[in-house]
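Please read the following note alongside the sequence and the coordinates. The points are numbered so that each can be checked separately in a viewer.

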Amino acid sequence: PGLQSRVSRSVGGSSLDMVSAHKALAVSLLLCLLAGPTLAASNGTVTPDHKEDLHPEAKASADAFIYTCGIIGVCFAGFLFFIVSRISLRGSESGDTESLLSTSRASDDELEAIYETIRAGARAFLWAEYQICFIFIACFSLVIFALVSHTNGPEGSTWDFDAGGLTAVTFVVGGLTSILSGFIGMMVAVYANARTAVSAKKEGEAGWMASFNAAFRAGGVMGFSLCAISMVVLYVLAVLYRSHFSVIDDKGKTWVNYKMLFECLAGYGLGGSAIAMFGRVGGGIFTKAADVGADLSGKVIGVGDGKKLDEDSPFNPACIADNVGDNVGDVAGMGSDLFGSFGEASCAAMLIGASSAAIAEAGWGALVFPLYISAFGILVCLGVSFVATDVYPVKKEEDIENVLKVQLFLTSVGMTVVLFPLAYGALPASIDLGATTGVTPLMCYVAVVSGLWGGCLIGFITELYTSHSYTPVRDVALSAETGAATNIIYGLALGYQSVILPVIIISLIMFTSVKMCGMYGVALAALGMLSTLATCLAIDVYGPISDNAGGIAEMAELPGEVRDKTDALDAAGNTTAAIGKGFAIGSAALVSLALFGAFITRASAAMAADDSLVIKGVNLLTPVVFSFIIFGAMIPYWFSALTMRSVGEAANAMVLEIARQFADIQGLSDSAGMDFHERAEHIAKGKKLVKPDYKACIAIATEASLREMIAPGVLVILSPILVGTFAGVEAVAGLLAGAIASSVQLAISMSNTGGAWDNAKKYTEKGELNGMFQFRDGSSIPLEDFRIAAEANHGNDAIKQYGATKGGKQEEVDIKDWLSELASKDPQRYIRILTGDEGIKTTDGRTCVYAGKKSAIHSAVVVGDTVGDPLKDTSGPALNIVMKLMAIISVVFADFFMSINNGNGIFNCGTV
């Protein structure tokens, strides 16, 4: 009751106190653990599960190294935040801001107001979502306590409240740490977005370097803080539970029950993934409801008279909700997702490792070898991070993607070097892992490195299929010549094709690691893929920060050169976000298989040695197994149907609200229909512009996301529990196999399809399709000749028009400026050009269809992008949590399943 009272007081205040609330709750729990009399090593009976601690000095070394790396990671995150915080929003400070371009005070005021509105919206949504998460954590921890306590003992079913209680505690701590990780990332992202936009106001190379560094460093704050905090909290729990499960015999020797220790620790990963589910689904529905609503209402429907509205226009009612949503899904959701992967992979590796007598006898250092990988990862990522910001900085647009790829590559090289001596120093010379015997440190090293480089390759392959620097995405953009339908067909085909290479890589990693090291190898491969997590998170969070920076620059109507920089950062950010999703899906597949192995290991502990599933395997031809493989493969589709429909309903409500505002708020349509110069003249005459009601759209997105995230979460959480309870452990094995195989394919396809459509839209908005499509007016050159000429001369520079005269001579004018002037001088011709009813001349004399922003072709790619939004940001990324969460739930409740008819379930379906 005292703890509950303290927690209630901590979290009952305003959302500004959330970090304090999380710290208070986590510290209170740990203090309770430390104060509990049962956590100290005691005299007791040594059971067959206890292993003698032959190397007590190994714990001191592990403590020193892991705590030191954790402190370094947190301190470096603080250092990066300090650098970002020195950027002034007003652009009036000395030092970094003295070379900023001059902008009006009105723009600075507008920028700061937009920044505060986005921060407030993000904070309000997180607080509303986390209130539901707190309730879920409290309720589900009781379920865990009750069910996990019911185990299968030597004499049949029995109750072990110690195991149930400690598993529930790790679940609570894991859930709260996941919330804290997502909250830190979210707050840093919304803190850095406006500062990235301000940094882009610098001229030339300085602007490129400053804006990129601001976004990348802010991403690093989340990357290093998440890795360090999650690792240290998990290790603290492991140390506390080690004391609890230790007994001292009559000779003064210490014996530790590592099996029970790491089984109870599995709740940590479950807590992380459960919160990630709500973060990914709820955040995904929020962001895509706002994004789809903003796109459809602005770029497709428009504000009347043929005028279209950018999604980031300050007169688009959904623009603030859209920018809030970028952070909710891609920062808070991604952070919780990858935190869950780390926790689950670490718990799976330590649980499987503890089943080996050789690893247990080698001492504490060998048992926590998985955490050593993460600790070394923090140090390597820290050292390499300076390459992107100082050694090889961004100086022009073309540098952005190269710098990010070099960062990922160098981090992988560094980890490859340090992992070899680590494996030989921490692991015993020979390891027996169930049916896999004679495993060496070299084999373990190869398993880790296969995951490391497999993740790197998946990232680069994802870039190939989602970046408009390469042919696949450009083909999708070109397909819009004949409308949205062909654009969608091309995008779907690209998504299906993009599955091939990543799945082959994942399959090879699984085969190699299982062949050499059993399921322990798969867990190590997953940790290898996650060893560069700090860098991968920095690259991933960089994306939504840049996207927000572009939106803020548009809404504050900053100079065009500022928007050009933020657009380039945003385009690269779309690619990095896709790379991050591919990385998350690949690691989730390996983590899920590792957890599958941990589930089989834990379930087999209650079986006779010769009949255990570890030795015999799971028979695919058993009716219950085969049936539930098919059923499990259906779960991702059921889940995707729920989330996609939720986005559609929320987006529909958003579009109707936007239409209502344009109809009911007098003057809003007129203000939205003006261009920049018309609005400036309007203000100069002393008239006021009418702004939309942003809060109404934020409220719609928030309400929809919180309401709709419940059903998908319940589906994923209850499926393995109900199957295991009624049909037994073999049915659960089939369920997991089907869900993992299906989720991987569907998640990669969805994410890459949506990413390709998004960057096809960006490619179009850059004007790169101008000059590519022939206007047929009866005097056209042969199509083949036109296409050859278009390859050599396309883009906005290819359709520069002659404009104003100076000294009696006409000069070329940029197409954007020419169209802006034409819109005021000849609106009818302007509309004919945008709709493709009138051609436009290229600099080499061809007649082409205008294919830039607000054109008919642009509308077609926007439709594709809109269809892809829920695929890449809601359903696709959430599917990796589907397979992980189902697997970790199975691990945690394995003993409960075994207590029902010896693991055959209430209906006695199995053959155990």
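1. Cys-133 is buried, its relative accessible area being 1%, in what should be read throughout as a predicted model. The cysteine sulfur closest to that of Cys-133 belongs to Cys-139 and lies 12 Å away, which is too far for a bond. Since a disulfide requires two cysteine sulfur atoms within 2.5 Å, the separation of 12 Å between Cys-133 and Cys-139 rules that pair out.

2. Cys-347 likewise takes part in no disulfide, and the nearest cysteine sulfur, which is that of Cys-264, is found 11 Å away. Cys-347 is buried, with a relative accessible area of 4%. Over the whole structure, the search for disulfides returns zero.

3. Ala-318 deserves a separate look, because its relative accessibility of 0% places it among buried residues, although its place is in the loop between helix H7 (258–301) and helix H8 (319–354). The C-alpha atom of Ala-318 is separated by 5.7 Å from that of Cys-697, a residue 379 places apart from it along the chain. When residues up to four places away in sequence are left out of the count, Ala-318 touches Ala-290, Ala-294, Met-654, Ile-658 and Cys-697.

4. Ser-199 lies in helix H5, which covers residues 161–199, and with a relative accessible area of 4% Ser-199 is buried. Its contacts, again not counting residues up to four places away in sequence, are with Ile-87, Gly-207, Ala-210, Ser-211 and Ala-214.

5. Strand S7 (residues 431–433) and strand S8 (residues 436–439) run antiparallel and are joined by two bridges. Ile-431 stands opposite Val-439, which belongs to S8. The two strands form a hairpin with two residues between them, and Gly-434, in the turn, has a positive phi of about 65 degrees.

6. Not counting residues up to four places away in sequence, Thr-436 touches Ile-431, Val-514, Met-516, Cys-517 and Gly-518.

7. How many salt bridges does the count come to? It comes to 32 salt bridges. As background, side chains of opposite charge can pair when their charged atoms come close. One of the pairs is formed by Glu-463 with Lys-405, whose closest N and O atoms are 3.4 Å apart. This pair links distant parts of the chain, with Glu-463 in helix H13 (residues 441–466) and Lys-405 in helix H12 (residues 399–426), 58 residues apart. Glu-463 itself counts as buried, at 3% relative accessibility.

8. Arg-563 and Glu-554 form a further salt bridge, in which the closest N and O atoms are 3.1 Å apart. Arg-563 counts as buried at 14% relative accessibility, whereas Glu-554, with a relative accessible area of 22%, is partly exposed.

9. The salt bridge between Asp-797 and Lys-800 has its closest N and O atoms 4.0 Å apart, and the reader may wish to set that distance beside the cut-off, by which a side-chain nitrogen must lie within 4 Å of a carboxyl oxygen. Asp-797 is exposed, with a relative accessible area of 54%, while Lys-800 is partly exposed, with a relative accessible area of 29%.

10. Beyond these individual pairs, a network of salt bridges links Lys-288, Asp-291, Asp-570, Asp-758, Lys-762, Asp-869, Lys-872 and Asp-873.

11. Which residues make the nonpolar surface patch of about 620 Å²? The patch is made by Ile-710, Val-714, Leu-718, Leu-722, Phe-726, Ile-906 and Phe-907. Phe-907 has its place in the segment after helix H30 (894–898), and at 58% relative accessibility Phe-907 counts as exposed.

Notes. Residues are numbered from 1 along each chain as its sequence is written. This is a predicted model: local features need pLDDT of at least 70, side-chain atom pairs count only at pLDDT 80 or more; totals for chains, interfaces and linings use all residues. Side-chain values use heavy atoms; hydrogens and water are left out. Two strands pair if DSSP finds at least two bridges between them. Helices (H or I, at least four residues) and strands (E, at least two) are DSSP runs, numbered from the N terminus. Buried means under 20% relative accessible area, exposed over 50%, partly exposed in between (1.4 Å probe, protein chains only). Patches are made of residues with over 30% relative accessible area and no salt bridge: like charges are joined within 9 Å, nonpolar side chains (Val, Leu, Ile, Met, Phe, Trp, Tyr) within 5 Å. Accessible areas come from the Shrake-Rupley method with a 1.4 Å probe; for residues, only the protein chains shown count as cover. Contact means heavy atoms within 4.5 Å.
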